[in-house]
Amino acid sequence: ELGGRYNNFNKYGDVFTFSFNPSYNINKKIRVFANISSGFKAPSLYQVYSEYRHQPATEELKPEKSMSFEAGVQYAKENVNLRAVYFSRNITDNIVFYSQNVPPYSSYYINADKQKDKGLELEARVNFGKVELNANYTNLDGYIETTNAGKDTSFFNLYRRPRQAINLGLGIQLMKNWYLSTNVQSISKRYEPGVTPIEMPSYYTWNLYSQYSIGKLAKIFVDLKNITDEKYFEVRGYNSRRFNVMAG
């Protein structure tokens with residue numbers, strides 16, 4: 001599959017993006033695939049027309065442009081589905097807000113930084129009829145390249161996003177009318193943005209759900225969340241739910 005798109009705007013000119021998606025079936029169970037694509041993010045109306053627009057005014061903001069690549073392999077048959085994907089994305093002309101720390105203390109939007117992200121995703125689903133297993137793992141890394149005090153520097157900037165995330169799920173049909181499932185999520189440490197980024201500790205949660213059908217018209221259920229009463233923060237300063245139960 002191959003596609004393209006052309007955009008024109010009198011403020012930032014011409015932008016062409018494309019997408020190329022080849023795949024190849026090695027046999028009935030194994031497939032390899034890839035994706036190469038470009039994209040762009042236009043400056044907002046505020047960034048273009050406000051008093052903080054690019055200075056000097058004769059120089060217009062450029063759109064942020066990205067080039068993405070991913071490749072992977074998939075194994076699938078009736079009761080098994082395995083998938084592994086590697087991805088990479090580079091962004092140029094990042095739009096940032098610049099403030100001078102000396103007179104006249106001008107502040108405006110500019111195209112300055114470069115963003116580079118990469119990662120690996122693994123997924124698995126196995127169905128044994130009355131038992132189904134699901135698992136996925138994500139490894140993420142990303143950093144921004146910028147100039148600080150006349151020197152080039154780079155640092156990890158995917159704030160609130162864990163470098164590693166794991167999800168494990170198990171579902172069991174215990175009886176014809178009785179179903180039970182449980183899942184565990186593990187999130188590695190993250191960083192909260194700030195003048196000095198603040199490290200957020202890793203955490204995990206464990207949930208349990210069960211339901212029992214009474215004929216075809218009714219069922220009873222119980223849903224247990226965060227069974228271990230883990231105390232964690234997805235966003236610093238905002239509490240998350242501790243152990244809680246819903247039944248009905």
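## Close-up views of a predicted model

**View 1. Glu230, a charged residue in a loop.** Glu230 has its place in the loop between β15 (218-225) and β16 (244-247), where strands (E, at least two residues) and helices (H or I, at least four) are DSSP runs that are numbered from the N terminus. This is a predicted model, in which local features need pLDDT of at least 70 and side-chain atom pairs count only at pLDDT 80 or more, while totals for chains, interfaces and linings use all residues. Residues are numbered from 1 along each chain as its sequence is written, and side-chain values use heavy atoms, with hydrogens and water left out. Glu230 is buried and yet has no salt bridge; buried means under 20% relative accessible area, exposed means over 50%, and partly exposed lies in between (1.4 Å probe, protein chains only). A salt bridge is a side-chain nitrogen of Lys or Arg within 4 Å of a carboxyl oxygen of Asp or Glu. The nearest side chain of opposite charge to Glu230 is that of Arg242, 8.0 Å away, with Lys and Arg counted as positive, Asp and Glu as negative, and His and the chain ends not counted. When its neighbours within four places in sequence are left aside, Glu230 is in contact (heavy atoms within 4.5 Å) with Tyr203, Tyr204 and Arg242.

**View 2. Two residues with positive phi.** Most residues other than glycine have a negative phi. Asn226, in the loop between β15 and β16, has a phi near 50°, which is a positive value in a residue other than glycine. Arg160, in the loop between β9 (151-156) and β10 (164-173), likewise has a positive phi, near 65°. Is Asn226 buried or exposed? Asn226 counts as buried because its relative accessibility is 3%, whereas Arg160, with a relative accessible area of 42%, is partly exposed.

View 3. Side chains of opposite charge can pair when their charged atoms come close. The structure holds eight salt bridges, and one of them is formed by the side chains of Lys116 and Glu145 (3.5 Å, N to O). This pair links distant parts of the chain, since Lys116 is in strand β7 and Glu145 in strand β8 (residues 131-148), 29 residues apart. Lys116 is partly exposed, with a relative accessible area of 29%, and Glu145 also counts as partly exposed, at 27% relative accessibility.

In another salt bridge, the side chains of Arg160 and Glu192 meet at 2.7 Å, N to O. Arg160 lies in the loop between β9 and β10 and Glu192 in strand β12 (residues 190-192), so this pair ties together parts that are 32 residues apart in sequence. Glu192 counts as buried because its relative accessibility is 7%.

Lys189 forms a salt bridge with Glu199, and the closest N and O atoms of that pair are 3.8 Å apart. Lys189 is in the loop between β11 (178-187) and β12, and Glu199 is in strand β13 (residues 198-200), 10 residues apart. Lys189 counts as partly exposed at 38% relative accessibility, and Glu199 is partly exposed with a relative accessible area of 42%.

**View 4. Strand pairing around β2.** Strand β1 (residues 2-9) and β2 pair in the antiparallel sense over eight bridges, where two strands pair if DSSP finds at least two bridges between them. A hairpin joins β1 to β2 through three residues, and Arg5 stands opposite Thr17 in β2. Strand β4 (residues 30-41) is joined to β2 by two bridges, and these strands run antiparallel. Which residue in β4 is the bridge partner of Phe20? The partner is Ile36.

View 5. Leu2, Phe20, Ile36, Met67, Phe69, Tyr86, Leu120 and Leu122 make a nonpolar surface patch of about 690 Å². Patches are made of residues with over 30% relative accessible area and no salt bridge, with like charges joined within 9 Å and nonpolar side chains (Val, Leu, Ile, Met, Phe, Trp, Tyr) joined within 5 Å; accessible areas come from the Shrake-Rupley method with a 1.4 Å probe, and for residues only the protein chains shown count as cover. At least two residues of the nonpolar patch are supplied by each of β5 (64-76) and β7 (107-127). Phe20 lies in strand β2 (residues 13-20) and counts as partly exposed, at 36% relative accessibility.
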